Amino acid sequence: RYLRTLYLGLQSRWQAEHRRRHFYWRMMFESADISMLRLLETFLKSAPQLVLQLSIMVQQNSIEPLQGLSASASLVSLAWMIASYQKVLRDSREDKMPMSYKGAVVQILWHLFTIAARAIAFALFASVFQLYFGIFIVTHWCIMTFWIIQGETDFCMSKWEEIIYNMVVGIIYIFCWFNVKEGRSRYRMCIYYVITLSENAALTVLWFLYYDRKTTSDFDALILVCVVSSSFALGIFFMFIYYCLLHPNGPMFSPRAGGCIFRQRPAPAPGSPADAVTSPPRSLPRTTGGERDGAPGERDSCVPVFQVRPCAPPAPAARAPRTEGPVIRIDLPRKKYPAWDAHFIDRRLRKTILALEYASPTTPRLQYRTAGAPQEVLEYETTV
């Protein structure tokens with residue numbers, strides 16, 4: 001996949017002007033998939049390794065140079081990958097504002113300190129209660145997985161693939177927050193961090209009551225407790241800095257903040273058929289910085305990773321006559337949210353759409369099978 005991404009990136013530089021965009025977006029799709037796989041790999045490998053290393057350090061009450069270096073590398077890789085994935089995901093979507101490098105750095109610090117507090121609390125508790133720690137991890141993972149499943153995510157093609165994906169994401173939820181659902185997530189995030197804070201406090205207090213006084217002094221134990229609490233507080237501080245100052249969609253607590261998803265479907269524009277679901281064309285350019293910093297209240301202030309619609313519908317305008325182009329028929333019902341273009345449709349279909357877009361002077365149309373209506377629904381292809 002890395003070689004494929006490099007090849008597509010080189011092609012986007014070497015090809016003629018009218019083909020560069022075709023290879024560029026294929027490179028961005030490949031890069032987003034790589035980041036997702038790396039994120040899952042990191043939390044399945046580096047996170048348990050970090051807890052094991054910290055637990056050994058606590059039991060031995062000493063830190064070897066290579067042990068400290070390895071644990072630091074595991075911690076940085078966890079924070080780096082989750083911030084990197086969210087930045088690449090935004091960069092690969094035309095309907096999302098890109099994340100700045102300042103925002104990415106602050107997000108790395110946010111996850112670095114919260115994961116550090118979580119891992120140290122795990123290591124302290126596991127150094128004394130090995131069996132109960134295993135029971136706690138399995139219970140927390142089951143609860144988080146059930147929470148994700150009842151949220152009805154739409155990442156995979158089939159139900160069982162979706163459940164397996166939710167089970168893997170549940171492992172990420174053991175260590176940090178990861179938004180996987182469309183819509184506003186501030187309440188779900190608050191609930192998650194309240195649970196995390198309670199668990200960290202309970203695990204640290206239980207360790208402080210039962211730790212081995214022969215190997216660890218009271219002063220060192222107090223320092224470890226302060227490290228857990230201060231690290232979590234720093235992580236929450238950087239989280240507020242990110243959402244209040246550096247979020248691509250604007251301040252989280254803006255007085256004119258609105259919702260991310262339409263509560264009611266906007267009225268169709270004059271001249272468009274009643275059964276047409278329209279969206280911005282594929283060739284719509286990314287919003288520039290000057291346009292994003294225009295009138296107050298125009299920027300969405302919501303939190304979600306998969307935010308795909310503006311808060312307020314644009315003013316109805318007469319639509320220009322559409323030239324008939326290629327039609328792609330999909331024998332699947334349309335997803336509830338338009339985030340299907342990033343993950344739901346098979347890669348071959350995405351490549352077909354890109355090829356048709358290059359070969360045809362007009363944007364390809366997608367035709368879905370609808371379960372509730374006898375006629376098919378038409379939608380213009382946007383960001384696939």
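This report walks through the helices, the annotated spans, the salt bridges and a few individual residues of the chain.

## What you are looking at

This is a predicted model, in which local features need pLDDT of at least 70 and side-chain atom pairs count only at pLDDT 80 or more, while totals for chains, interfaces and linings use all residues. Residues are numbered from 1 along each chain as its sequence is written, and side-chain values use heavy atoms, with hydrogens and water left out.

The chain holds eleven helices and four strands. Here helices (H or I, at least four residues) and strands (E, at least two) are DSSP runs, numbered from the N terminus. Of the 384 residues in the chain, 46% are buried; buried means under 20% relative accessible area, exposed means over 50%, and partly exposed is in between (1.4 Å probe, protein chains only). Take the contacts in the chain with a separation of 6 or more: residues 24 or more positions apart account for 76% of them. A contact means heavy atoms within 4.5 Å.

## Spans from the UniProt record

An unreviewed UniProt entry lists "transmembrane region" for residues 105–124, 131–151, 163–180, 192–210 and 222–246. Those positions are given in the numbering used here, feature names are shortened, and annotations may be inferred rather than shown by experiment.

How do two of these spans look in the model? Residues 131–151 are 95% helix and 0% strand, with end C-alpha atoms 31 Å apart. Residues 192–210 come out at 100% helix and 0% strand, and their end C-alpha atoms lie 27 Å apart.

## Where α4 meets α5

Helix α4 (residues 101–126) and helix α5 (residues 130–150) have axes that come within 8 Å and cross at roughly 140°. Axes are lines fitted to C-alpha atoms, for helices over the stretch in contact, and angles run from 0 to 180 degrees between N-to-C directions. The two helices are therefore oblique to each other: angles under 35 degrees count as roughly parallel, over 145 as roughly antiparallel, 65 to 115 as roughly perpendicular, and the rest as oblique.

On the α4 side, the contact is made by Arg 118, Phe 122, Phe 125 and Ala 126. On the α5 side, you'll find Gln 130, Tyr 132, Phe 133, Phe 136, Ile 137 and His 140. Sorted by class, that gives seven nonpolar, two polar and one charged residues. For the sorting, Ala, Val, Leu, Ile, Met, Phe, Trp, Tyr, Cys and Pro count as nonpolar, Asp, Glu, Lys and Arg as charged, and the others, Gly among them, as polar.

## Salt bridges

The count comes to five salt bridges, taking a salt bridge as a side-chain nitrogen of Lys or Arg within 4 Å of a carboxyl oxygen of Asp or Glu. One of them joins Arg 118 and Glu 199, at 2.5 Å from N to O. Arg 118 sits in helix α4 and Glu 199 in helix α7 (residues 186–210), so this pair ties together parts that are 81 residues apart in sequence. Arg 118 is buried, at 0% relative accessible area, and Glu 199 counts as buried too, at 15%.

Salt bridges with shared partners also link Arg 38, Glu 41 and Lys 45 into one network. Glu 41 pairs with Arg 38 at 2.5 Å, N to O, and with Lys 45 at 3.4 Å between the closest N and O atoms. Glu 41 and Arg 38 both lie in helix α2 (residues 17–60), three residues apart, or about one turn of the helix. Glu 41 and Lys 45 are four residues apart in helix α2, which is again about one helical turn. Glu 41 is partly exposed at 33%, as are Arg 38 at 28% and Lys 45 at 47%.

## Residues to click on

Trp 110 is in helix α4 and is buried, with a relative accessible area of 1%. Setting aside residues up to four places away in sequence, Trp 110 touches Met 189, Tyr 193, Gly 235, Phe 238, Met 239, Tyr 242 and Tyr 243.

Ala 79, in helix α3, is buried at 0% relative accessibility. Its contacts beyond four places in sequence are Ile 108, His 111, Leu 112 and Ile 115. Ala 79 and Leu 112 are 5.0 Å apart, C-alpha to C-alpha, yet 33 residues apart in sequence.

Most residues other than glycine have a negative phi. Asn 61 isn't a glycine, but has a positive phi of about 55°. Asn 61 lies in the loop between α2 and α3 (65–91) and is partly exposed, at 37% relative accessibility.
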